[in-house]
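Work through the exercises below with the model in view. Try each task before reading its solution.

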Amino acid sequence: MKEQPGEIPEDRTLEISGEQFREWTGQALDYLQAYVTSLPSQPMGSARAAGAGDATAPVMAPEPVPHQGVPLDRLLEDLFQRAIPGGFNTASPGYLGYIPGGGILHAALADFIAAAVNRYVGVYVAAPELVALEAQVLLWFAQMTGLPATARGILTSGGSMANFTAVVTARSTRLPENFLGGVLYVSDQTHHSVAKAARMAGFPVAAVRQIPSDEFWCMRVDDLKAAIDQDRAAGRTPFMVVASAGTTNTGAVDDLPGLARLCAREQLWFHVDAAYGGFFCLTKKGKKALAGMEKADSITMDPHKGLFLPYGTGALLVRDGELLRRAHSTTADYMPATQETTDPLVQDFCEYGPELSRSFRGLRIWLPLKLHGIAPFIANLEEKLALTLYAADALRAMENMEILAEPQLSIVAFRLTRQGFSAAATNDLNRRLLARIQAHDRVFLTATNLRGVFALRICVLSFRTHKDRIDETLGLIAREAAGLGSQPAIEQE
């Protein structure tokens with residue numbers, strides 16, 4: 001005899017009332033307002049980057065799963081007083097390191113709405129209008145980059161996932177099922193996410209061929225052609241070239257027209273990693289610098305860089321969207337029927353990338369663009385380009401300062417020199433210069449290695465960074481450079 005269920009206990013604790021929700025959001029907003037208002041005066045968190053203290057030390061002790069709740073005001077205080085200030089202050093106008101992210105508050109409002117309504121957009125039938133909204137965003141990106149009407153894409157968590165999806169699509173399109181003889185080509189300046197993507201896509205390490213860069217840090221097209229010929233003669237199968245439209249090291253833009261022509265002749269997939277630099281195509285200077293990007297088979301772009309959106313907003317565009325779909329399409333009995341249409345606003349995103357469950361990313365882009373139009377985004381990008389040229393000119397005018405990479409977009413790489421210093425002593429001099437700048441906790445610069453040379457970098461891409469903070473940065477560099485001795489540190493000791 002089947003056992004009859006007893007009374008089922010009901011718990012509605014997680015179904016908070018509208019009044020409670022409004023109270024909690026009000027409390028959070030008070031903290032956020034104070035945080036955003038104080039950003040210009042907040043410290044940068046640079047000490048950890050400069051090596052002061054133990055950067056690997058845990059910031060909190062492990063604790064068991066909580067069984068009792070804690071009032072929201074105590075949790076918010078802990079977050080804003082301890083957890084949030086504990087790292088690099090990427091939201092500050094003084095953040096000029098790596099590639100600055102954005103964080104415009106319009107996107108925070110969009111994320112608030114998207115998380116609250118919690119609609120699923122992996123398949124079209126689940127939320128037709130919201131899927132169409134996100135597809136519209138991708139169409140805008142295709143229009144910006146000059147891709148044809150056949151282009152389709154997906155929004156990703158960032159450039160790394162976009163590059164991975166591009167490698168999988170190129171592998172699926174250009175190689176047989178047994179693809180281990182395939183070779184893809186990068187420069188010695190290409191972002192490391194591409195090599196990682198190739199490894200995750202199943203290729204051996206040796207399948208990624210690194211091509212030298214020239215004096216402007218751009219891939220050597222002649223060396224690439226020679227490597228392709230060499231690999232073919234050895235029985236391998238070249239299938240993909242990854243060009244950079246703004247490298248992380250120096251902001252270099254590869255010869256996109258030349259690489260596009262070579263890929264067309266050699267029948268190779270032409271991918272442009274424009275995660276950092278892609279949206280500069282909206283500007284007059286950027287459009288000229290990025291000419292040839294429109295010839296790509298696929299393009300990686302990061303709206304969380306060039307459109308100033310929060311981290312976690314990347315995009316992949318593919319010239320022939322059907323190739324993207326074929327590379328990722330799967331079926332299951334429990335899935336609804338997929339859309340068979342050429343309508344660009346009607347698509348199942350799960351068919352175009354690796355994710356089935358995914359957040360509704362489109363609103364954080366659509367809402368700011370609809371609120372303002374594209375004009376202020378272009379104006380901000382123009383400003384960042386101008387500020388970088390301004391900084392480069394000021395650095396060039398400083399005594400003993402050497403520009404190692406002239407700005408092609410919004411990055412300038414430089415170093416301090418001293419007469420008679422060896423290469424090792426000069427590198428040490430610049431490590432000390434960076435540490436002294438970081439110690440002020442007003443600006444955050446980062447360094448890189450350019451063929452054995454320790455180089456400092458300024459990357460201007462925060463929508464909050466304006467001339468006043470660049471002037472402050474230049475003043476700090478000049479003062480700290482002057483404060484360093486004229487003898488190598490080892491001799492001074």
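**Exercise 1: a threonine in a loop**

Thr 190 counts as buried because its relative accessibility is 13% (buried means under 20% relative accessible area, exposed over 50%, partly exposed in between, with a 1.4 Å probe and protein chains only). This is a predicted model: local features need pLDDT of at least 70, side-chain atom pairs count only at pLDDT 80 or more, and totals for chains, interfaces and linings use all residues. Residues are numbered from 1 along each chain as its sequence is written, and side-chain values use heavy atoms, leaving out hydrogens and water.

Task: find the place of Thr 190 and what it is in contact with.

Step 1. Thr 190 lies in the loop between β2 (182-187) and α7 (193-200). Helices (H or I, at least four residues) and strands (E, at least two) are DSSP runs, numbered from the N terminus.

Step 2. Its side chain reaches the backbone nitrogen of Ser 187 at 2.8 Å.

Step 3. Leaving aside neighbours within four places in sequence, Thr 190 is in contact with Val 242 and Ser 244 (contact means heavy atoms within 4.5 Å).

**Exercise 2: cysteines**

Task: state how many disulfides the structure holds.

Step 1. A disulfide is a pair of cysteine sulfur atoms within 2.5 Å.

Step 2. The structure holds 0 disulfides. For Cys 263, the nearest cysteine sulfur, that of Cys 218, is 15 Å away.

Step 3. The sulfur of Cys 459 is 16 Å from the closest cysteine sulfur, in Cys 218, so it is too far for a bond.

Step 4. Cys 263 is buried at 2% relative accessibility. Cys 459 is buried at 0%.

Key:
A polar contact is a pair of N or O atoms within 3.5 Å; within protein, one must be able to donate a hydrogen and the other to accept it, and residues adjacent in sequence count only if both atoms are side-chain atoms.
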